[in-house]
Amino acid sequence: MNNFCDIDYFQLCGVVNGIGGPVSGIRIAYTVDGTTSTTTTDASGAYCIRVPRCASVEITANPLLGVTATPARYVFSPVCSDMPSLNFTLAPVVPPATPATITGIISSALGPVAGIAVNYTVNGMTASTVTGANGAYTISAPLGSDVVITPFAPAGTTLTPPSITIANVTGNTMGQNFMLSVAAGFSVVSGSVSGLPDNASRAVSYTVAGGAAATAITNAAGQYSFVVPTGATNVVITPPLVAGFTPAPANLTLAIVAADTPAQNFVYA
């Protein structure tokens, strides 16, 4: 192949510009046939390097941390002419935007409700989280996104509002709260778990005659609640197992739930 390289050396030159114009003192690294050297831009932001004819050359500008150069590099193989305009433009690196935090609490008439699944979409992408011991949930979403929050209402309950839509998230957003209410034809069974050394969320199990087992999650105050159809029979409530502690009573049985039934408590020792 004829590369038309008929002189011994060529000049490769350029200018490094920033937002305010040419930038002096910028280190220029250049590799010629595998050997790397450096130079710096002069007071006018210019640099020049001299390379042998037909050499393979790569040139990069190396600005300070937090600044990027465009293009990232120049690569030539072979070099067969002078090149006077191998310029770089510097610009600050723009960090990715910090996601916004969206928070809320799900409560009932008895207080915060732990263990409620909170489904949400961010720009159409679906995810979920769960309320903690204080009934709170947290969602992260990019600035400018559209968010729809739709918690899951357990059977026999309704949520007000049923969902919340946040269009064009502009920053951290608090107070996206929901109220959990009992639907007609259902009654609330509630109680507490006490005597334990912490306020961790724990699962209280229960069964209803003719139904599958389910769980209710204690909140930070040790309170739990669940709903069953009014008139449900043989409701058996079993407290959580906690190593080193024994609950009293070992379980509770409600022959019939004719109305809201509070004070179904367990004390550990």
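**Close-ups of paired strands, a disulfide and a pocket**

**View 1. E3 and E6 side by side.** Strand E3 (residues 27–32) and strand E6 (residues 57–62) run antiparallel and are held together by six bridges. Strands here are DSSP runs of at least two residues, numbered from the N terminus, and two of them pair if DSSP finds at least two bridges between them. Look for Val 32, which sits across from Val 57 in E6. One thing to keep in mind for every view: this is a predicted model, in which local features need pLDDT of at least 70 and side-chain atom pairs 80 or more, while totals for chains, interfaces and linings use all residues. Residue numbers start from 1 along each chain as its sequence is written, and side-chain values use heavy atoms, with hydrogens and water left out.

**View 2. The sheet around E3 and E6.** On the E4 side, E3 and E4 pair antiparallel over six bridges, and Val 32 faces Thr 35 in E4. On the E8 side, E6 meets strand E8 (residues 74–76) through three bridges, again antiparallel. Ile 59 has Tyr 74 as its bridge partner in E8.

View 3. How many disulfides does the model hold, counting cysteine sulfur pairs within 2.5 Å? The count is one: Cys 13 bonds to Cys 48, with 1.9 Å between the sulfur atoms. The bond ties distant parts of the chain together, as Cys 13 lies in strand E1 (residues 9–18) and Cys 48 in strand E5 (residues 46–52), 35 residues apart. The torsion about the S-S bond of Cys 13 and Cys 48 is about 115 degrees, so this is a right-handed disulfide. Is Cys 13 buried or exposed? Cys 13 counts as buried, at 14% relative accessibility (under 20% is buried, over 50% exposed, partly exposed in between, with a 1.4 Å probe and protein chains only). Cys 48, at 44%, is partly exposed. Cys 54 is partly exposed too, with a relative accessible area of 31%.

**View 4. A second open sheet, E21 to E25.** Here four strands line up as E21-E20-E23-E25, with antiparallel pairing. The edge strands are E21 and strand E25 (252–257); each has a single partner strand, so one side of each is left without a neighbour in the sheet. Strand E23 (residues 232–238) and E25 share five bridges in the antiparallel sense. Within that pairing, Val 236 has Thr 253 as its partner in E25.

**View 5. The largest pocket and its lining.** A pocket is an open set of 1 Å grid points where a 1.4 Å probe fits, with protein on both sides within 12 Å along at least five of seven lines; lining residues have an atom within 4 Å of a point. The largest pocket has 41 lining residues, with Pro 154, Thr 157, Ser 225, Phe 226 and Val 227 nearest its centre. Elements giving two or more residues to this lining include strand E11 (111–112), strand E18 (178–182), strand E19 (186–194) and strand E22 (223–229). Which element gives the largest share of the lining? That is E22, with seven residues.

Technical notes
Disulfide = S-S within 2.5 Å.
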